[in-house]
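Biologist: I have a new model open and would like to learn how to read it. Could we start with the aromatic rings?

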Amino acid sequence: AEVMGDPVRRLDWQLNNLADLVKASGLKSKRAACAIPTSHMFLKHLQLPPGEPALLREFAASAVAGDLTCDPASLTVRSIPVSNAACPVAGKTEVIAMAVGRGLVTRIMDSIRQAKLDPVAVHPEPLATLRAFDHVARRAEDGELTSMYLDIGYGSTRVLIAHGADLVFAKTIAIGGRLLDSLVATQCKCSQSEAYVKRMASSDRFGAGQPRAGTVADSGIAKTGIPALDSAMAAEAKASTVEVAVDNDRRLGTMPKGYAALAGKSLAADEVVDAVDDLAGEVAMCLRYYQQLFPGKKVGRCLFVGGESRQTALCQHIAKALRLPAHVADPLARVARPTGTRCTSIDLSLPQPGWAVALGLCVGPTDL
C-alpha cells in the first residue's frame, strides 16, 4: 500500500517480488507476456513527414527524444500511423508515438528471466487493452465501428479511440482513483485506504451481488440484448437516477457478451464530482481532437474498463457529460472457467473490468 502512489517504487516492488509470486502461484506455463506501464511510457500524437514504417519510427524517435531532451538511441519507440486521418499539419502524417527507455525494457526482461519465465511479448498497455476486444471487431465491416475505451485505473485514465480493432487516438490523463481517494481522505480526515472503502460504499459497484453480465440470477435464464437493456433502463428510471443512453450493437440489435448498461446511485461528494467533471472535460477535448482528424465521423459508443470502472456512479457521471451511449465491459466474460479453477484474491464469477490489459496480453501476438 505504501508504494501505490509512487510509480517508480511500485514497479521496483513488482519486479523484486515477481520470482516469489511465480513460485508461490504454481504456474504451469513458462511463457510471459509483458505490458509496459503507462506511468513509465511517453505517449503523444505527432505530425511527421510521410514515409515507410521504419522511417516513421525513426522520425518518431527523434521527435520524442527532442521533447524529452535525451538520445534517441536510449528509447524504444513504437509508431502507429493513423490511416485516413486529416492531419492538422498539411503534408504530414498523423502518428501515435509510444516510447519507453531501453534500460527499463532491459530491466523488465531480466526480471522475467530471473523468475525462470520465457518472455514472448512486450506490448504498450493501450494496445493490450484493444486486443482484449478484438472479438468484437473481427469482421471486415467492423472497421466502420468507432468505439472509445475509457480505461480508468488507480493512477490515471487512458482514452483510446479505435476504428474496429485499429487504434486511431490515444491519450493518458493524470486523473484516477488515487486522486479521488485523496479528495475523500481530505474531506473525511481519514487515510487513503479508508477513503477508498468510503468511496466504494457510497456508490453501486459493477457486478456486486449479481452474476456475471449476461445472466439473471432470479430466473436462471440468460437475458441479453434489448430485454436486458430495457430492464436496466427501467430500473434506472425508477431509482430517479441519471439516464445514460445505450446503443444497440450492429449485430441484430444485441450487445456483445460481457457488456452491461449503467444504472445506480449518483456521485455523492462534491469534491469527487469536481474531479470527475475535470476528467470528463479532458475526455471531451480528446473527442474534439478526434473530430479534427476525422471530420464527419462520430464515436458510436463508450466502453468503460479498468478497476475504477467498477464504481458505476463514476462511469454514469462521465457518460452523461459526454452524451455518448455507454457500457461497462467485462473482458473476461468470454473466458471459460474449467471446473475446479481457483484464483487468489479475485472472484471470477463476478464481472472484472480491470482485467482488460491482462487478457489482451494473453490473446495478443507473441512477437519476440
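Modeller: Gladly. Rings of Phe, Tyr and Trp (its six-membered ring) pair if their centres lie within 6.5 Å; planes under 30 degrees apart count as stacked, over 60 as edge-to-face and the rest as tilted. Before we go on, this is a predicted model, where local features need pLDDT of at least 70, side-chain atom pairs count only at pLDDT 80 or more, and totals for chains, interfaces and linings use all residues. Residues are numbered from 1 along each chain as its sequence is written, and side-chain values use heavy atoms, with hydrogens and water left out.

Biologist: How many aromatic pairs does a search of the whole structure find?

Modeller: The search gives 3 aromatic pairs. Take Phe 133 and Tyr 149: their ring centres are 5.3 Å apart and the planes meet at 35 degrees, so this pair is tilted. Phe 133 sits in the loop between α4 and β6, and Tyr 149 in strand β6, so the pair ties together parts 16 residues apart in sequence. Helices (H or I, at least four residues) and strands (E, at least two) are DSSP runs, numbered from the N terminus.

Biologist: Are Phe 133 and Tyr 149 buried or exposed?

Modeller: Buried means under 20% relative accessible area, exposed over 50%, partly exposed in between (1.4 Å probe, protein chains only). Phe 133 is buried at 2% relative accessibility, and Tyr 149 is buried at 4%. The rings of Tyr 290 and Phe 294 also form a tilted pair, with centres 5.2 Å apart and planes at 35 degrees. Tyr 290 and Phe 294 are both buried.

Biologist: What about disulfides?

Modeller: A disulfide is a covalent bond between the sulfur atoms of two cysteines. Here the rule asks for a pair of cysteine sulfur atoms within 2.5 Å, and the count comes to 0 disulfides. For Cys 302, the nearest cysteine sulfur is that of Cys 315, 8.1 Å away. Cys 302 is buried, with a relative accessible area of 1%.

Biologist: And at what angle do helices α1 and α3 pack?

Modeller: Axes are lines fitted to C-alpha atoms, for helices over the stretch in contact (heavy atoms within 4.5 Å), and angles run from 0 to 180 degrees between N-to-C directions. Angles under 35 degrees count as roughly parallel, over 145 as roughly antiparallel, 65 to 115 as roughly perpendicular and the rest as oblique. Helix α1 (residues 7-25) and helix α3 (residues 102-114) pack at about 25 degrees, with axes 7 Å apart. The two helices, α1 and α3, are therefore roughly parallel to each other. Residues making the contact include Leu 11 and Leu 15 of α1 and Ile 108 and Ile 112 of α3.
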